[in-house]
Amino acid sequence: MTRADRLKELGIDLPDVASPLGSYKPASVTGSLIFVSGQLPLSGGKLVFEGKVGVDVSPEDAARAARQSAINVLAVMKKELGALDNVKKIVKVTGYVASAPGFTGQAGVINGASNLFFDVFGEEGRHARAAVGVSELPLNAPVEVEIVAEII
């Protein structure tokens, strides 16, 4: 089964890649690695949720936002590589969570992204990871997800 077939099976349509918010590329390839810049939880050009997790956004909604960020990561990889079948494995995920004071559930929030990568790539979707609490993210996003993947 191709990764495109797997996305269809999961009911996921990859969106257009959002324009960068600054002076950077959505992805950079070197050797057998692709580095995907941090992706926000945008859908249709708008954030699916806004604000800090633990006060404005529930942990459950933040996990949904992390999943949307991961879908946007997939869109960047597909655009850069031509097909997700050119991804050998997800190596590292870094998730940033705009956290209210006292919120310590960053790992659970970023599971929204990690679980999606496993659903799409199977064992090749298991990865090393960091889930980091931060005070603010661009556009008042609750999460941002970046990855490193090995490519064919």
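A salt bridge is a side-chain nitrogen of Lys or Arg within 4 Å of a carboxyl oxygen of Asp or Glu. This is a predicted model. The structure holds five such salt bridges. Among them are E9 with R6, D61 with R64, and E150 with K88.

**Pairs within a helix**

- E9 and R6 join through their side chains, with an N to O distance of 2.2 Å.
- Both residues sit in helix α1, which spans residues 3-10.
- E9 and R6 are three residues apart, so about one helical turn separates them.
- R6 is partly exposed, at a relative accessible area of 22%.
- D61 and R64 form a salt bridge at 2.4 Å, N to O.
- Helix α2, residues 59-81, carries both D61 and R64.
- Because D61 and R64 are three residues apart in that helix, about one helical turn lies between them.

**A pair between strands**

- E150 pairs with K88, and their closest N and O atoms are 3.7 Å apart.
- E150 counts as partly exposed, with 22% relative accessibility.
- K88 also counts as partly exposed, with 45% relative accessibility.

Conventions:
Residues numbered from 1 in each chain as written. Predicted model: local features only at pLDDT ≥ 70, side-chain atom pairs only at ≥ 80, totals over all residues. Heavy atoms only, no water. Helix = DSSP H or I, 4+ residues; strand = E, 2+ residues; numbered from the N terminus. Buried < 20%, exposed > 50% of the residue type's maximum accessible area, 1.4 Å probe, protein only.
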